[in-house]
Structure formats: structure tokens, C-alpha cells
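Dear colleague,

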Amino acid sequence: MRATPLKSFASLAVVGLLVTGCGQGLLGGDGDDKAAKTDGPIVLGMLIPQSGSEAAIGPYMSNAAQLAIDEINAKGGVLGRKLELKTADDACDAQSAAAGANKLVTEGVDISVGGYCSGATLPTLPIFGKANIPMIIPAANSQELVDQKLKHVFLINGTGSQQAGAAEKWIAKQGVKSVVLMHDNTSYSKDIALRTQTLLDAPGGAEAVLVETVTPKESDYSANITNVLAKKPDFVYWTGYFQEGGLIARQLRQAGYRGSFMVGDGSVSPKLIEIAGAEAAEGVYATMTQTPDTLKGAEGWISDYRKKYNADPGPYSNQAYDAVRLAAEAVTQAGGTDGTKVIAALEAMDGFPMFSGPLKFTPEHTLASGGFQILVVKGDGFTLQDSLG
């Protein structure tokens, strides 16, 4: 999916938001036992990795969310009320995420705008659901999140199914014959690998000669590398996160592998290049939705981010920014923060402008088109290789 032209994208953050009125808030706990809240800040909760192996992603998301909040508040807020962001650390871990979600519910968040690791996001769905708190998930995208069929859950990143489709399309374009799929047995990673395997198993295409499972947080993957090289593949697709992805890329090259290596969107980070080393990372492909530096017309937004944080926006910063804007628009359309009304407003969205294009949710609360494209490592960053049409 192409991004819409962005003459002044930041100005879109306040379109339709300058409406006065009051609404009913969500203070957490059981959905039938909430105190009314018609003034004070509208509180957005964001679960992100602030510690652990994926901690580098957390600031990209929280910074971008705060940028959107500051822009909206500068124009008067939403329904005459200011937005406020509360974050919690999920450490990309299910137990930490559940604790963080309960913390945010206790703190009275009205809408959740977080979720990076799918395995950590899954256990938070019933926690926010019991409190009738709508979830706009900017990054986590395992098909398992969709398969729960929960009314309060909305994904604004492409799904695992859509990512697998993009991977298969790129592999087919390369004309390769044999592919090894590697995953870390987490919900997100395994889902993409197995869905890609199913697509590759169709007649006439490349063959998935091995699905290799690795143990995350290890430092030596030589046994896995030996298994991979024994199959003499033309192409290796790693669907896990950047910590392991960088090590696998380096160890594959050190072991003599000269075929193509591709990673999933959880590995798209400057950290992958740092871990792999420049030589091993050069030419690594990635399946990924839009990143700030692949978005046409986003120069002004990138400049605003740099001015505020003295750093470049990274992966999932644009999705986190859009999650806040979408939450604000939904509250506006709902006339307040009542969870049921906000959910209805999200379901009715038609054409709301986001980085990924005009928004309209499918009946499954996903984007109609995942917007996955192929990036490639050149030098110290990822650049666009193929938009896949």
C-alpha cells in the first residue's frame, strides 16, 4: 500500500479534533463497574519493550506517540481535553506484558495504543477487553491476534498472513529453487514461517527444504547453521527478531553461505546491522511495512521528530504516531471515551488519512492491504528495494 502524499503531514494530526464536548471515561477494572470521567486528560496507554533484547524499539514508538500527542494538545486537545501518555514495559515477554497491562488498567487508561511483540501482546488482549478498553495495535501483527476475533482489537500494521504473502512473492521473483525458513518458536515468528512454508509448498515455486527452529537469546547458532547449510539452500528467511537475526546473518556468512538472506519486520532495526557487522549485513533483505525513510513526502514529519528528540525516527515510529491520531479521531467521533462507542467509531472509520494510506478496517479489524515491501541493507541502513507493486 502506498503512502498518501504528505505536504504537511503533521497538520493531519488535528483534522477533525477541535470539537467541544464531554465523554465518559474508562477507569479500568470490570467493564460494568467504571466511574464516569468527563473531564481531565484522556489517557492513552502504551505497552512497549523498554528492557530486554528488543528495548531499542521502545523509544521509537513512545517518542512518536508523544509527538502526536503534543501536536494535538497544542491545537486544543480532543473534545476540550488534553491527551496524556502512560507507558509500561512489556520487555517483549508475556508475563511482563500482562503485569504492564494490569498496571495501565489500574492507572485508568482509556485506549491502548501499544503492542510490539506479538507473543507479549496476546496475553494483554483479555486484560484490556475485560476493562472494555479499545486496543489500536501499531506493530504486533501475528495472525493469532486476528484469530482471537475480539471486538476491541484493531491492527494498523500488516498481518502475519500478509507478510508471508509478500515473502513468497519476493522469493518467486528471485527465481530461487530451495528455501530454508528459520523461526524462534514465538507466536509472531513461527506464524510467519509456517504461513510462508504453506505458500511455498504450492506447485511450481520454490521448495521449503527445511523449517529450522532456534532458541532465542543464545549466542552460538552453529548447530542451526550446520542444519541449514546441509540443505544447500539458495535463500534463507529468518522471521524472528533482530538480536538473533544479526547473529544468524553473521554466523551464516562466516560458515560460507553465499545465498540470499532475508529477515522479517521484527529484525528491521539498525541494531541488526550492528550485531551482524557491516560486511555480513550488506545485502540482507527484509519484509517490512513503511518506515520513515521509505515514506514519500514525510520529510517534514521526520524533521519535526528530529527537532524534538535530536534523533532519527526508527521502525514503527510512524505506526505509533498514527495509532495516537487514530485514537484521538475515534474519541472525537464517539463523543467521549466510552469504550463501546470508541470501538464502534473505529469500525466505522472510512478514509482516515494515515501514513499507510486512507484507513478502512476489514471485518476482522485489520488493514485491507498489509503494505509490505522489500527493504535491503545498504551501508548503515535499510533502503527500499521493491514495493511489490
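Is Lys 151 buried or exposed? Please note that the model is a predicted one. With a relative accessible area of 53%, Lys 151 is exposed, because the threshold for that class is over 50%. Its salt-bridge partner is Glu 347, with the closest N and O atoms 3.0 Å apart. Glu 347 is partly exposed, at 33% relative accessibility. This pair connects distant parts of the chain, 196 residues apart: Glu 347 belongs to helix H15 (residues 339-347), while Lys 151 sits in the loop between helix H6 (143-147) and strand S5 (153-155).

Eleven salt bridges were counted. Another of them joins Asp 191 to Arg 195, the closest N and O atoms being 2.7 Å apart. These two residues are four apart in helix H8 (residues 187-200), so about one helical turn separates them. Asp 191 is buried at 11% relative accessibility, whereas Arg 195 is partly exposed at 28%. Asp 147, Asp 191 and Arg 195 are linked in a salt-bridge network.

Turning to the nonpolar residues, the largest core has 106 residues, and those touching the most other members are Leu 44, Met 61, Val 113, Ile 248, Phe 261, Val 324 and Leu 326. Helix H14 (residues 317-334) gives the most to this core, namely ten residues. Beyond its neighbours within four places in sequence, Val 113 has contacts that include Leu 44, Leu 85, Ile 136 and Val 324. A second, separate core comprises 20 residues, among them Leu 47, Val 109, Leu 125 and Val 153.

Yours sincerely

Terms used
Residues are numbered from 1 along each chain as its sequence is written. This is a predicted model: local features need pLDDT of at least 70, side-chain atom pairs count only at pLDDT 80 or more; totals for chains, interfaces and linings use all residues. Side-chain values use heavy atoms; hydrogens and water are left out. A nonpolar core is a set of buried Ala, Val, Leu, Ile, Met, Phe, Trp, Tyr and Cys residues joined through side-chain atoms within 4.5 Å. Buried means under 20% relative accessible area, exposed over 50%, partly exposed in between (1.4 Å probe, protein chains only). Contact means heavy atoms within 4.5 Å. A salt bridge is a side-chain nitrogen of Lys or Arg within 4 Å of a carboxyl oxygen of Asp or Glu.
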